[in-house]
Amino acid sequence: MQRQHAPYRADVVGSFLRPDAIKQARLQFASGEIDAGQLRAVENDAIRQVVEQQCACGLHVVTDGEFRRAWWHFDFFDGLQGVERYDSNQGIQFNGVQTKAHGVRVTGKLGFGDHPMLEDFRYLKSISGNAQPKMTIPSPSVLHFRGGRKDIDATVYPELDAYFDDLATTWRDAIHAFYEAGCRYLQLDDTVWAYLCSDDQRRQIAERGDDADQLARTYARVLNKALEGKPEDLTIGLHVCRGNFRSTWISEGGYEPVAEVLFGSVNVDAFFLEYDNDRSGDFAPLRFVRPGKQQVVLGLITTKNGELENPEGVKARLEEAAQYVAKEQICLSPQCGFASTEEGNSLSETQQWDKVRLVTQIADEVW
């Protein structure tokens, strides 16, 4: 039951704690002490090292740790046509902590263009050796959800149907551009599906005049349109995240409110799902995953703290999940990235790599 292609029995979500060399270089760049080329050279060296560390942990898949980014999503949005970042009145509210005050709005026609992250992927591919390089980008629904109608210029998109069409086309162009750059494993990171599972978030959605169930159907349609014409040898995963900033989160609740639409109709190859604690609910929603069609990568190893999970407890949870989806459709990963923003989660680099080794150890023993 071992898998020789993505997603792998032992997989990762993508981001890793930023090493001191990256943090120092970013400060020097911000103060004008070094230029963009010198910063990139430091990033290149750090990415080579994080690729080597992933391979040393037994992974067959590697990412660049998102080392060139400050945020898991804003840096990607910055490179799109028609999108503008701005300083908002307040940051995104997590459980007890708030992010820096940034937002994005659509001020022109959406387009992918010659996105700078294509070159970032090419570099990762050039140093990945025998491992498979994976690129991570935000899902299209993320661009729409937080600001909604108010952050979309009504003179550019008087009707949202045209906006959603262009949103899907932009991501379809992105998928094909990364494929042309040599990418065969692409992950879409998506916090929105988890928000649609949260009672509190659904209340906020209703208060702003939207319908959570309708949004789910719209986002599923956008994703599937973006996936149209996907090359057969390209694996695309969707990571459903409840928020990840300095070891905190935003949303709570199991997948049941969106399970039938998400698992039953979205045509990705794999779902990366957080299942590291009680906030995630039970495994029953996995009954909607189509038999034999898709892989479910269970995030049973938390990245929120450094405490190492009991391997036997993780194995027991894998068996529990197998009551709802076939064991050959299950893989294992950490629940999220270790640093969705440059600040990172509250654990050490040693603890981070211990977690990754635990994933590969358990996967080897189970499969």
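**Exercise 1. Find which residues ring pairs link into a cluster.**

Solution. Start with the cluster. Ring pairs link Phe76, Phe77, Phe112, Trp171 and Phe178. The model is predicted, and side-chain atom pairs count only at pLDDT 80 or more. Then take the total. The count comes to 15 aromatic pairs.

**Exercise 2. Classify the ring pair of Phe145 and Tyr195, and say what the pair ties together.**

Solution. Two numbers are needed. A pair of aromatic rings is described by the distance of the centres and the angle of the planes.

- Step 1, distance. The centres of Phe145 and Tyr195 lie 5.4 Å apart. The cut-off for a pair is 6.5 Å.
- Step 2, angle. The planes of Phe145 and Tyr195 make 40°. Stacked needs under 30 degrees and edge-to-face over 60. The pair is therefore tilted.
- Step 3, location. Phe145 lies in helix 5 (residues 140-145), and Tyr195 lies in helix 7 (residues 192-195). The pair therefore ties together parts that are 50 residues apart in sequence.
- Phe145 and Tyr195 are both buried.

**Exercise 3. Classify the ring pair of Tyr163 and Phe164.**

Solution. Use the distance, then the angle.

- Step 1. Tyr163 and Phe164 are 5.3 Å apart, centre to centre.
- Step 2. Their planes make 65°. Over 60 counts as edge-to-face, and this pair is edge-to-face.
- Step 3. Both Tyr163 and Phe164 are buried.

**Exercise 4. Compare the radius of gyration of the protein chain with that of a compact globule.**

Solution. 

- Step 1. For 367 residues, a compact globule would have a radius of gyration near 21 Å.
- Step 2. The protein chain has 19 Å, which agrees.
- Step 3. The C-alpha trace spans about 55 × 50 × 45 Å along its principal axes.
- Step 4. Buried residues make up 59% of the 367 residues. Among contacts between residues at least 6 apart in sequence, 78% join residues at least 24 apart.
- Step 5. The protein chain has twelve helices and ten strands.

**Exercise 5. State how many side chains are positive and negative, and how far apart the centres of the two sets lie.**

Solution. There are 40 positive and 55 negative side chains. The centres of the two sets lie 1 Å apart.

Key: Residues are numbered from 1 along each chain as its sequence is written. This is a predicted model: local features need pLDDT of at least 70, side-chain atom pairs count only at pLDDT 80 or more; totals for chains, interfaces and linings use all residues. Side-chain values use heavy atoms; hydrogens and water are left out. Helices (H or I, at least four residues) and strands (E, at least two) are DSSP runs, numbered from the N terminus. The radius of gyration is taken over C-alpha atoms; the globule rule is 2.2 Å times the number of residues to the power 0.38. Buried means under 20% relative accessible area, exposed over 50%, partly exposed in between (1.4 Å probe, protein chains only). Contact means heavy atoms within 4.5 Å. Lys and Arg count as positive and Asp and Glu as negative; His and the chain ends are not counted. The place of a charge is taken as NZ of Lys, CZ of Arg, CG of Asp or CD of Glu. Rings of Phe, Tyr and Trp (its six-membered ring) pair if their centres lie within 6.5 Å; planes under 30 degrees apart count as stacked, over 60 as edge-to-face and the rest as tilted.
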